[in-house]
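User: I've just opened this one and would like to go through it with you. Could you take me through the side chains and the packing, piece by piece?

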Amino acid sequence: MYPHNLPVAIIGAGPVGMAAAAHLVKRGMEFILLEAGRSVGANIRSWGHVRVFSPWEYNLDQASRELLEQTSWRTPKLDDLPTGDEIVAQYLTPLAMHPSIEPHLHLNTRVLSIGRLGMDKVKTHGREKVPFQLRVESEGKISQLKAGAMIDATGTWAQANPIGAGGIPAIGEESLKSSIFYGIPDVSGKDSSRYAGKKVLVVGGGHSAIQALLSLAELQASAPETQIVWILRKRNLETIYGGKEQDALKGRGELGIRMEALVNSGRLQIFTPFHIEALRQSNEGIEVSGNWNGHAHAIKGIEEIIANTGSRPDLDMLREVRVNVDAHLESVHALADLIDPNLHSCGTVRPHGEAELRHAEPNLYIVGAKSYGRAPTFLMATGYEQVRSVVAHLAGDFKAAKQVRLSLPETGVCSSNLGFSKISASCCGPSTDSEPACDSEPEYQEITTVSCCAPTPVAQTKPKLTDGCCG
C-alpha cells in the first residue's frame, strides 16, 4: 500500500493517463494529473489530421465513459473511425473539463525527475514508506511535488527513432534535420507545399509509413512531378500488407490492400532491404548512402525525408527510481516476452495488468505505450485495462486487480521464418524481419491471447492507381 494522505501522480494526459484519472475518481482516490503540453492529448494533436484504423469502440475507456455520461456528452458512433483531432475534441477535452478531473489537471507542467524524498536509488531500508518526490517545470519555474504512488503514461510518440540503421542517427542526420519530418505530416493539407513536386523519401515499414506513402500518392495525382522513394529494412513486402480482408479491423486491413495496390502500380521506387548509414547534402539534393541488399549504394537527389522508424521511451526522469526495464526493448521487463517482435510477429499479446507492470520500486507503474518500450504493437484498449488493474491494486481491491480481461480484434496474419501465412486464431511465430510491421472498452471478455496494434492512420481518400510493376 502507499501513503494515502498523498495523491497518486499521473504523468501524461493522453488517453491512458486520462483513463487512469477516471478510474481513480471512480475509486474515490486523490490524484494529480501532469501534462507537459498546453492541452490534453498534446501528442495526438501532432497527428490530428490522421484517421486511426481502430473504431471508437476500442478508443473509449469504460470509466471515462461513465464520467462523461453524467454530463451532456454524446457518445460517438462506435463503429466510426475518428481522426486524432476528433479523439481530442470529442473525448479527451470533455473528459478534462469534468468537475472531478479539471481541478487536478496541470497543463504545461513537465516532470523533470522522480525520486524518493531524501533517498537516492541505492538506499533500501524503509523506502516504500517514503513519498515520491517530483521535480517539475511550469512556465519556466521549477517546483517540487509529493506523491504516494506514480503512474507514468507519457508514451513514446515524442521520442522518434533516428533513421540510421543502427539505432543511432545516421552520419549527417542531425545537421540535415530541417529536411526530415519525424512523424506523420499533413501531406494533403497544411504541409502539401512542402512535398508537392519534390523527390520525397519515406523511411520505415509500419502503418505510419504506409499512411505517408498513400498520402504522397494522392498528392502525386495533383502534382505529377512528385517522386516517391521508399526505404525499408524488410525483405518480404507481404508482411507489410497485413491481414487485408482477414483483418478484424476493416480500416487496418484496407491499409494493406491499398498499399499493395500502390506498390504494384509502379508509382514509387522501393529499396529493400536498405540500411541507411549516412546523409550528405550535395548540389543535387540529399544523398542517402547505405547498404542495399548487401551492397553499398547511394540514392541521390532527395529533397525531403519522412521518418517513420518507430519511437522509444524517455527513461531519463526515472533514473533515480528502481524500474525493471528490458535490456533490448526498454519495455516493462515482465512484458518483454509477450511483445518482443523478434519472437512475436502477428501482434498477439495475452491480457496483462498490475502484476506484470510492477517494478522494484513499490507503487510505481509505467503504463500505456511506454510500457511497451520500443515494441510496436500497442492499442489504446490495452492501456485502459492496464490502468484499471493498477488503480484497483492501489485501492486495495486485489481481486479486481488480478481479474485482467480484454477483447481485441485479430490482425488476421502471422509471419514466421517459413514466410507469410494467414491465421484464423491467435498465433505467434518468430519474425525474421528487423523492423516490425506496426508502428504503439467493449464489454470485457476473458481470453488467453489477443492481438493489438497502435492506433495508426488510414488515409481518408483513395488515390487513383494503375496496374503496373514495382519501380
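**Salt bridges and packing**

Analyst: Let me begin with Arg 358, which counts as partly exposed at 43% relative accessibility; please keep in mind throughout that this is a predicted model.

User: Ok, which residue does Arg 358 form a salt bridge with?

Analyst: Arg 358 pairs with Glu 354, and the closest N and O atoms of the two are 2.8 Å apart. Glu 354, in turn, counts as buried, with a relative accessibility of 3%.

User: Is Glu 361 buried or exposed?

Analyst: Glu 361 counts as buried at 0% relative accessibility, and both arginines are buried as well, Arg 116 at 3% and Arg 127 at 3%.

User: How many salt bridges does the structure hold?

Analyst: The structure holds 14 of them.

User: Switching to His 393, where is it, and what is it in contact with?

Analyst: His 393 sits in helix α11, which spans residues 380–394. Leaving aside neighbours within four places in sequence, His 393 contacts Glu 354, Arg 358, Tyr 365, Phe 398 and Ala 401, and with a relative accessible area of 18% it is buried, because the cut-off for that class is under 20%.

User: How does α1 cross α11?

Analyst: The axes of α1 (residues 15–26) and α11 come within 9 Å and cross at roughly 30 degrees, and the crossing is right-handed. The residues of this contact divide into nine nonpolar, two polar and one charged. Among those that meet are Ala 19, Ala 20 and Leu 24 in α1, with Gly 383, Val 387 and Val 391 among their counterparts in α11.

User: Last one: what about Leu 329, buried or exposed?

Analyst: Leu 329 is buried, with a relative accessible area of 4%, although its place is in the loop between β15 and α9. The C-alpha atoms of Leu 329 and Arg 374 are separated by 5.1 Å, while the two residues are 45 residues apart along the chain. Not counting residues up to four places away in sequence, Leu 329 touches several others, including Ile 339, Pro 341, Tyr 372 and Arg 374.

Methods:
Residues numbered from 1 in each chain as written. Predicted model: local features only at pLDDT ≥ 70, side-chain atom pairs only at ≥ 80, totals over all residues. Heavy atoms only, no water. Helix = DSSP H or I, 4+ residues; strand = E, 2+ residues; numbered from the N terminus. Buried < 20%, exposed > 50% of the residue type's maximum accessible area, 1.4 Å probe, protein only. Contact = heavy atoms within 4.5 Å. Axes fitted to C-alpha atoms, helices over the stretch in contact; angles between N-to-C directions. Left-handed = near helix turned anticlockwise from the far one by under 90°. Nonpolar A, V, L, I, M, F, W, Y, C, P; charged D, E, K, R; others polar. Salt bridge = Lys/Arg side-chain N within 4 Å of Asp/Glu carboxyl O.
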